[in-house]
Amino acid sequence: MPALQLTVNGKQHSFEIIDSTMPLLWLLRDTLGLVGTKFGCGGGFCGACTVHLDGSPIRSCSLPAASAAGRSITTIEGLADDNGDLHPLQSAWIKHDVPQCGYCQAGQLMSAAALLKHTPNPSNEDIDSAMAGNLCRCGTYHRIRSAIQSVVKSENHAVVQYYDKAADRKKGVEA
Amino acid sequence: MSQNTNTNTKLNRRSFVKLVSVAGGGLALGFYLGDTPNANADDTDFKPNAFLQIASSGEILLYAIHPEIGQGVKTSLPMIIAEELDANWHDVRVEQAEINRKHYGRQAAGGSQSTPSTWDALRQAGATARTMLIHAAADIWQVKPETCKTQSSFVIHPPTKRQLAYSALADKAASVPTPDKKTVKLKARKDYQLLGKRVSGVDNLKLVTGQPLFGIDQTLPGMLYATYQKCPAIGGRIKTANLDEIRQLPGVIQAFFLEGNNDKEELQPGVAIVADSTWAAFSAKQKLNVKWDERSASKDSWSKAQQQAKQMAQQKGKDNILNTGNVHNAFSENKPLEAFYSYPFLPHATLEPQNTTAWYKDGRIELWSPTQNPDRAIKRVAKLLDIDSDKVTFHQTRVGGGFGRRLMVDYACEAAAIAKRVNAPVKLQWTREDDMAHDFYRAGGFHALKGSVNSAGKITAWHDHFITFSNNGESPARGAKMSGKEFPLPFLKNTQLTSTLQALDIPCGYWRAPASNGLAFAMQSFLDELAIAGGRDFRDLLLELLSQPNTLDTNNQYSLKPKRAIDVIKLATQKAGWGKTLEKGRGLGLAFYYSHSGYFAEVAEVSVDSDKKLTVHKITAAGDVGPIINLSAAEAQCVGSMVDGLSTMLGLQVTIENGRIQESNFHQYPMLRINKIPEVEIHFIESDNNPTGLGEPALPPVAPAICNAICAASGLRVRHLPLSKEGFSI
């Protein structure tokens with residue numbers, strides 16, 4: 001089987017794929033050691049494993065790694081920028097003290113970041129609709145909403161800035 | 001955390017405080033909790049950095065002694081030390097303490113006990129260190145200690161406007177004699193600077209950046225990955241399996257049977273597959289073909305249990321739990337209202353599936369596990385492997401949800417048994433399907449209730465035949481017990497509580513607010529039925545009941561205190577606008593419940609349309625758990641409990657047929673999502689009692705408040721949960 005090329009958090013990787021059914025989740029966790037992306041259900045029901053595939057949220061437990069060949073993946077470890085400055089959503093999550101057990105929160109953040117990328121000024125319905133795929137067993141939903149809304153309302157819409165940087169980084173890799 | 005320490009001999013046994021100087025300088029204080037050290041205690045057992053260290057660098061290191069399962073104790077318990085120490089929270093770093101019963105007493109997260117069980121000791125720890133820092137500064141300045149005060153990690157001498165940082169005093173403070181407990185003053189509540197404020201969780205930065213914290217995140221050099229297949233009918237044994245085929249699969253390193261030890265709480269029979277990645281193990285498991293011997297397996301059936309309970313309800317209960325006054329006479333005077341209530345079995349469904357990493361080597365084992373109950377894990381693993389418990393080293397990880405599931409340590413035992421057969425560290429990872437199929441479930445329950453009211457609308461008698469489950473054939477299963485102290489029994493003159501057990505092989509366990517989570521629904525709903533039957537306002541009826549003489553032991557700190565109950569009911573109803581006029585199809589429902597030393601009254605506002613579609617507009621809660629430690633975490637626990645309670649009563653259950661759990665994953669266990677949550681409002685009465693825990697007590701009133709609101713809105717009385725099975729939708 002040919003080597004699998006993937007860009008993960010701006011870094012290019014090449015993998016030897018032995019099992020073409022292996023979900024991206026386990027390649028991230030077991031092979032790359034990026035354990036921030038969580039295993040919750042293995043069936044795409046809970047959203048704990050959400051990552052970005054070329055900027056769109058996907059459930060990494062249900063996507064074979066091989067089918068992501070040549071594409072770019074962002075995980076929770078790559079959500080802050082290159083200087084280590086937190087994504088505004090990460091700061092809002094801390095400020096609003098969102099996590100309880102915290103296990104679902106990486107997936108929640110990746111879904112929220114994808115929402116704001118595509119819809120910088122989401123309505124409450126947009127937020128609910130984008131986040132409904134992410135379960136929180138502890139029931140932190142109210143604070144998830146508040147944290148997202150606080151970023152939307154913020155005048156320094158640093159979300160855009162972050163994604164500009166990410167785009168530059170991607171260009172650099174491709175060049 | 002290991003450090004070279006010179007033990008100072010100033011041990012004050014009465015206060016169980018011991019002081020040491022830490023290598024590199026600074027003050028470290030240790031306190032014993034729980035077990036009193038005996039006179040022969042070996043001084044070398046003493047853990048110097050048991051609670052706090054003040055380094056010369058300025059960092060104040062506080063240890064969190066109980067497992068963090070999302071209830072916030074890794075932040076809130078150190079806050080208690082920091083308050084009495086007068087530490088600036090920005091100087092504080094928190095670490096999870098090692099698991100060591102000798103140094104910390106019981107370390108566990110359960111029963112909402114972390115706060116009340118450590119409140120005194122943590123305050124004492126902070127205040128003792130603060131006293132020693134003052135003495136050190138006073139000595140340097142040659143002033144009386146009483147003329148000094150502390151603030152924000154500094155000792156200050158106001159008359160001369162001098163100040164010294166704790167960091168500069170730490171070395172000297174370490175040579176000050178440990179003060180007698182009696183001379184250490186604790187702060188008055190009015191002087192609190194930190195407690196009661198909102199503090200963001202100490203692990204939040206790590207959580208939002210995806211750093212490894214949880215059990216599932218543990219990795220060790222050379223680590224292998226394991227999965228364990230047990231019989232889907234609980235208790236079944238292995239006949240044969242295609243192990244030769246499994247061993248040929250890519251990535252598979254070992255595949256073997258484990259016999260089990262006939263204890264469902266430790267090790268059931270199963271097939272272990274050890275591989276070089278989680279996916280290789282999971283993938284091989286999908287090709288595993290086991291022929292099970294189900295002669296010893298569970299034949300339990302929820303549908304049969306329901307039928308049997310209905311028949312039992314027609315008969316007298318087998319065990320008498322409470323009998324006061326004369327129920328029969330009362331029922332002959334006023335014809336009783338009869339109602340049959342039921343609630344289903346529930347899994348815990350922690351979002352982090354069970355897992356443990358274990359490394360067995362030379363007769364010793366090291367474990368990394370997300371548990372609520374490390375003490376139990378150490379004992380059970382030692383027993384299973386037949387080694388001394390001091391050969392078990394246990395590392396407590398952060399826990400991706402507890403809810404009572406991880407009070408049981410079966411998955412740690414499985415990992416230990418597998419590790420013994422593997423010449424490397426190995427991480428056992430359960431799938432979601434394993435997790436749904438092999439839980440210690442919240443037992444379902446049934447109540448055949450009768451109650452009478454007189455012409456004045458007063459309750460004259462109450463009868464409950466409680467039909468519950470037993471795992472041992474003799475006594476109710478874990479979390480499936482009811483006592484005669486259940487509200488409103490102690491407040492009524494004529495009461496009868498009987499119980500009948502149904503045998504069950506599938507193991508039951510503690511589920512958030514054990515017993516209370518089902519009892520509150522039946523008791524508070526039926527009370528509302530009696531209020532309506534008597535033409536009474538439910539709030540008035542509750543307040544009247546709570547003002548009656550009762551049979552509770554007023555000296556027992558765990559007994560319900562009527563005044564605190566009355567106060568939360570008054571506050572919740574006031575804030576929710578109890579009694580306000582609502583449009584047709586919309587109603588308010590009230591419920592009160594006391595559990596885990598916490599008092600909660602909740603009012604739900606609900607609309608019901610003609611298709612039984614519900615809109616839960618708002619839940620307003622008032623709670624009294626004494627003073628609040630971390631307001632942010634306290635509110636989060638209440639809101640989380642209310643979302644959990646609502647989610648569960650709306651649509652959750654597991655069913656059992658032929659000894660097997662029928663639901664396998666979240667598509668069949670539809671927990672509430674963000675788009676269905678109601679508005680929630682919380683009010684705390686910070687009464688002058690010692691603070692108690694908040695992991696549980698806000699949950700039980702949710703279901704009856706919603707059901708009582710449904711009745712107010714539509715006239716429909718819900719007697720069986722979940723609502724989705726009764727034709728309601730949301």
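This is a predicted model: local features need pLDDT of at least 70, side-chain atom pairs count only at pLDDT 80 or more; totals for chains, interfaces and linings use all residues.
Let me begin in chain B, where B:Asp386 sits in the loop that runs between helix 10 (374-385) and strand 19 (392-396), helices being DSSP runs of H or I with at least four residues and strands runs of E with at least two, numbered from the N terminus. Residues are numbered from 1 along each chain as its sequence is written, chains are lettered from A in the order in which they are written, and side-chain values use heavy atoms, with hydrogens and water left out.

Most residues other than glycine have a negative phi, and most peptide bonds are trans. B:Asp386, however, has a positive phi, near 55 degrees, and at 69% relative accessibility this residue counts as exposed, where exposed means over 50% relative accessible area, buried under 20% and partly exposed in between, with a 1.4 Å probe and protein chains only. B:Ala515 is not a glycine either, and its phi is positive at about 65 degrees; its place is the loop between strand 23 and helix 13 (516-533) of chain B, and with 16% relative accessibility B:Ala515 counts as buried.

Two peptide bonds in chain B also deserve a look. The bond from B:Phe487 to B:Pro488 is cis, with omega near 10 degrees, and B:Pro488 belongs to the loop between strand 22 (459-470) and strand 23 (495-503). The bond from B:Leu721 to B:Pro722 is likewise cis, with omega near 0 degrees, and B:Pro722 lies in the segment that comes after helix 17 (702-714).

Turning to chain A, we find 6 helices and 5 strands, which follow one another along the sequence as β-β-α-β-β-β-α-α-α-α-α. Of the 175 residues in this chain, 57% are buried, and among its contacts with a separation of 6 or more, 60% are between residues 24 or more positions apart, contact meaning heavy atoms within 4.5 Å.

What is A:Ser111 in contact with, leaving aside its neighbours within four places in sequence? The partners are A:Thr50, A:Arg59, A:Ala130, A:Met131 and A:Asn134.

Finally, the two chains meet through helices. Helix 5 of chain A has 13 residues and spans 18 Å from its first C-alpha to its last, close to the 18 Å expected at 1.5 Å a residue, the expected span being 1.5 Å times one less than the number of residues. Its buried residues include A:Tyr141, A:His142 and A:Arg143, and these three meet B:Ser632, B:Glu635, B:Ala636, B:Val639 and B:Val643 in helix 16 of chain B. The residues of this contact divide into 4 nonpolar, 2 polar and 2 charged.

The axes of helix 5 (residues 141-153) of chain A and helix 16 (residues 631-651) of chain B come within 9 Å and cross at roughly 120 degrees, and the two helices are therefore oblique to each other, given that angles under 35 degrees count as roughly parallel, over 145 as roughly antiparallel, 65 to 115 as roughly perpendicular and the rest as oblique.

Key
Axes are lines fitted to C-alpha atoms, for helices over the stretch in contact, and angles run from 0 to 180 degrees between N-to-C directions. Ala, Val, Leu, Ile, Met, Phe, Trp, Tyr, Cys and Pro count as nonpolar, Asp, Glu, Lys and Arg as charged, and the others, Gly among them, as polar.
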